[in-house]
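Please take me through this structure one selection at a time, and tell me what to look at in each place.

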Amino acid sequence: MKYFDAAATRAALPFDALIDALDALFVEGCTVPPRHVHRIGELGTSLIMPAWQQRYLGIKTVNIFPDNSARGLPGLFSTYVLYDAATGAPLASIDGNEITSRRTAAASALAARHLARADATRLLVVGAGRVASLLAHAYSAVLPLRQIELWSRKPEAAATLAAALRAQGLAAHSVTDLQGAVRRADIVSCATLSSAPLIHGDWLPPGSHLDLIGGFTPQMVEADDACFAGAGIYVDTAEALQKAGDLLGPMARGVFGEADIRGTLAQLCRGERGGRRDAREKTVFKSVGSALEDLAAAMLVVKQD
């Protein structure tokens with residue numbers, strides 16, 4: 001059984017290869033049962049996320065303990081174990097945090113390959129956390145980016161991230177005027193834990209693509225209703241329609257219905273549903289994550305070894 005720490009996992013998942021690996025598994029398909037959610041003690045939560053196909057079985061475990069900050073520890077620990085699907089033999093233990101963050105950014109870039117304008121050059125990243133720090137690299141693998149702006153509720157965090165990205169060769173800088181940044185962006189990618197809308201639909205220019213990553217519960221919201229009105233709306237999986245506050249709220253208020261969702265990421269990859277229709281259309285992609293993406297990443301890690 002091989003062990004891949006964070007650095008080894010990161011090195012095995014370059015975004016160009018990872019995006020293609022996600023695409024391939026969305027086309028092929030795999031079995032993805034509902035995730036298991038277990039309470040551990042008074043405050044802990046453990047998520048168990050399995051997925052398998054003909055050759056590989058993978059299981060991600062995510063342990064969330066909010067009080068860890070008082071102990072000087074991260075609030076979340078994640079591990080991934082890959083098995084031989086024919087025998088059940090364990091093949092590899094892989095850093096779960098790296099798999100999760102990198103496949104999340106890669107899924108957004110994969111969606112943008114279908115939904116953003118091919119000539120999109122201006123990216124706005126909203127947020128400055130782990131996933132936000134990867135989005136510019138992921139999008140650069142599929143689009144000719146020339147301008148990357150970063151906004152965060154904590155301006156110093158956006159400035160620090162922008163400096164790090166510049167040191168990595170990207171044309172990034174931080175901004176404090178969110179409305180102005182949205183108005184000049186071709187792509188707006190949000191990776192926050194916001195419980196109130198940050199992006200307003202009347203800020204989004206014609207032809208823009210809005211990528212909503214952060215909200216994964218009914219209480220979490222990154223975009224207002226106007227972002228969805230008249231837009232081409234897509235989701236990573238159908239599970240987003242049951243979990244995402246960004247979708248549940250406007251659906252309850254009649255802004256759009258389930259029948260208005262144009263497709264899932266798998267349907268886009270398989271060519272079963274069309275993507276962007278013209279250069280002026282606004283598109284929205286809402287993701288909540290899938291164990292399929294974790295499995296695709298884990299398979300790539302062991303193949304790269």
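Select serine 78, which counts as buried at 7% relative accessibility. The model you are viewing is predicted. Serine 78 sits in strand S5, residues 76-84. Leaving out residues up to four places away in sequence, show what serine 78 touches: Lys60, Thr61, Val62, Asp95, Gly96, Asn97 and Thr100.

Next, select residues 36-40, strand S2, together with residues 44-52, strand S3. The two strands run antiparallel and are joined by 5 bridges. S2 and S3 form a hairpin, with 3 residues between them. In that turn, click on glycine 41, where phi is positive at about 65°.

A second pair of strands makes a contrast in direction. Select strand S7, residues 122-126, and then S8; these run parallel, and 5 bridges join them. Arginine 122 has glutamine 147 in S8 as its bridge partner.

Now go to helix H2, residues 15-28. H2 has 14 residues and reaches 20 Å from its first C-alpha to its last, close to the 20 Å expected at 1.5 Å a residue. Colour its buried residues: Phe15, Leu18, Ile19, Ala21, Leu22, Asp23, Leu25 and Phe26. What covers them? The cover includes helix H3 (96-115), helix H4 (132-140), helix H9 (265-270) and helix H10 (291-304). After H2 comes glycine 29, with a positive phi near 85°.

From that list of covering helices, select H10. Its end C-alpha atoms are 20 Å apart, which agrees with the span its 14 residues should have at 1.5 Å a residue. Of those 14 residues, 11 are buried, so H10 is largely enclosed by the rest of the structure. The buried ones are Ala291, Leu292, Glu293, Asp294, Leu295, Ala296, Ala297, Ala298, Met299, Leu300 and Val301. At the N-terminal end of H10, select serine 290, which caps the helix: a side-chain oxygen is 3.1 Å from the backbone nitrogen of leucine 292.

The next stop is the interior. In soluble globular proteins, nonpolar side chains tend to be buried together. Here the largest nonpolar core has 66 residues, and Leu143, Leu150 and Leu265 have the most contacts inside it. Start with leucine 143: setting aside neighbours within four places in sequence, it is in contact with Ala112, Ala116, Arg117, Ala118, Ala120 and Ile187. Another core, of 30 residues, lies apart from the largest one; among its members are Cys190, Ala223, Ala231 and Val284.

Finish with the cysteines. How many disulfides does the structure hold? The count is 0. Select cysteine 30, which is in no disulfide; the nearest cysteine sulfur belongs to cysteine 269 and is 13 Å away. Cysteine 30 counts as partly exposed, because its relative accessibility is 22%. Then select cysteine 190, which counts as buried because its relative accessibility is 0%.

Definitions and conventions
Residues numbered from 1 in each chain as written. Predicted model: local features only at pLDDT ≥ 70, side-chain atom pairs only at ≥ 80, totals over all residues. Heavy atoms only, no water. Helix = DSSP H or I, 4+ residues; strand = E, 2+ residues; numbered from the N terminus. Expected span 1.5 Å × (residues − 1). Buried < 20%, exposed > 50% of the residue type's maximum accessible area, 1.4 Å probe, protein only. Contact = heavy atoms within 4.5 Å. Core = buried A, V, L, I, M, F, W, Y, C linked by side-chain atoms within 4.5 Å. Disulfide = S-S within 2.5 Å. Pairing = 2+ DSSP bridges. Polar contact = N/O pair within 3.5 Å; in protein donor to acceptor, adjacent residues only side chain to side chain.
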